[in-house]
Amino acid sequence: MSNIKNKANQSQGMLLFTLNLQKQKFAIGTLKVREIVPFLPTTQIPYSHRHVIGTVTIRNLTVPVIDMAAAIGFRPIAPEEYDSCYLVVTDCLRTVVAFMVREIDKIIECNWRSIEPAPESSGKNIFVTGVTRIDDEIIQLLDVELLLSNIYPQYADETIPMLTDVQRERMKALNILLVDDSSIARKQLCDAMNNINIPYQLCNNGVAALELMQKQAGTSSAIDILVSDIEMPGLDGYELAFEVQNDANLSQSYRILHTSLSSEMCTERAHQVGAHEALEKFKAGELIQAMLRGANMLSEQRS
């Protein structure tokens with residue numbers, strides 16, 4: 001059993017900036033930001049995306065520069081305006097890029113639970129992942145992953161879904177327990193979670209998992225989402241889910257059974273013993289989407 005700590009445990013604020021002449025405020029999470037520098041002259045790249053205005057060298061690293069205003073649908077910033085702009089250097093989707101913005105406003109602390117999702121009427125492909133209000137002003141949180149995946153399609157990973165900041169912060173607020181007796185399966189689970197920077201705890205059998213859940217029940221570390229293998233010695237996944245469902249101190253958790261068995265009977269039995277979902281191994285995207293459903297359900301229950 002081990003408790004995994006990574007970048008996801010750091011607190012995240014918001015960097016506020018403007019992109020258009022109306023000085024409308026936008027934001028991105030600060031964990032993505034490496035540094036902010038005044039605009040630097042760029043070197044053009046032949047056949048690059050129309051929103052990539054060139055590259056700059058920052059700390060001996062060649063970094064592409066993206067006109068963020070143009071990338072989200074505003075009028076591109078005119079070349080004669082570049083010198084008054086700033087470059088927000090980000091590290092996202094395993095790549096470093098610089099977003100050119102008009103003005104830097106400030107960095108603030110943020111209650112991520114207060115951020116509302118973008119209105120459904122806005123459409124599915126907008127770059128705004130959430131909306132909040134600061135000092136009576138509406139701030140739109142931009143979906144940097146979606147923006148980058150549009151400019152660089154190779155960054156869109158179908159196996160590991162891209163999480164918006166709102167989704168990531170919602171999952172980070174929960175205590176997640178992964179249970180599997182297979183070392184290979186545990187590595188797959190850990191890789192998937194580390195890829196999206198979500199903290200978790202890990203057990204290699206059902207008995208240890210139940211003991212951990214009972215020990216942490218009623219504390220700030222109480223398990224919110226349980227992901228368990230079905231075929232395990234000692235206490236298998238069905239028995240673990242049943243024990244958790246029937247313990248008033250544990251039953252508030254969202255329970256996902258994860259198995260290499262491919263059978264409708266497994267799914268039916270999983271629901272009978274108290275699991276919310278049963279998934280076939282190993283599709284990281286499906287598992288993370290199931291965990292998001294659990295996070296959303298728990299959020300709704302608590303609000």
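Reply: The account below begins with the basis of the values and the chain as a whole, then turns to the salt bridges and their surroundings.

This is a predicted model, in which local features need pLDDT of at least 70 and side-chain atom pairs count only at pLDDT 80 or more, while totals for chains, interfaces and linings use all residues. Residues are numbered from 1 along each chain as its sequence is written, and side-chain values use heavy atoms, with hydrogens and water left out.

The protein chain contains eight helices and 17 strands; these are DSSP runs numbered from the N terminus, helices being H or I with at least four residues and strands E with at least two. Of its 303 residues, 51% count as buried. Here buried means under 20% relative accessible area, exposed means over 50%, and partly exposed lies in between, with a 1.4 Å probe and protein chains only. Contact means heavy atoms within 4.5 Å. Among the contacts in the protein chain with a separation of 6 or more, 61% are between residues 24 or more positions apart.

Side chains of opposite charge can pair when their charged atoms come close. The structure holds 15 salt bridges, each defined as a side-chain nitrogen of Lys or Arg within 4 Å of a carboxyl oxygen of Asp or Glu. One of them joins Lys172 to Glu169, with the closest N and O atoms 3.2 Å apart. These two residues are separated by about one helical turn, because they lie three residues apart in helix H3 (residues 165-172). Lys172 counts as buried at 16% relative accessibility, and Glu169 is buried at 12%.

Lys187 and Asp191 are four residues apart in helix H4 (residues 183-195), so about one helical turn separates them. Asp191 counts as partly exposed, at 37% relative accessibility.

Arg293 forms a salt bridge with Glu277, and here the closest N and O atoms are 2.7 Å apart. This pair links distant parts of the chain, since Arg293 belongs to helix H8 (residues 284-302) and Glu277 to strand E17 (residues 277-280), 16 residues apart. Glu277 is buried, with a relative accessible area of 10%, whereas Arg293 counts as partly exposed at 41%. Beyond these pairs, Lys25, Asp105 and Glu137 are linked in a network of salt bridges.

Helices H3 and H8 also meet each other. Their axes come within 10 Å and cross at roughly 75°; axes are lines fitted to C-alpha atoms, for helices over the stretch in contact, and angles run from 0 to 180 degrees between N-to-C directions. H3 is therefore roughly perpendicular to H8, a label given to angles of 65 to 115 degrees, whereas those under 35 count as roughly parallel, those over 145 as roughly antiparallel and the rest as oblique. On the H3 side the contact is made by Gln167, Arg170 and Met171, and on the H8 side by Met291, Leu292, Ala295, Asn296 and Ser299.
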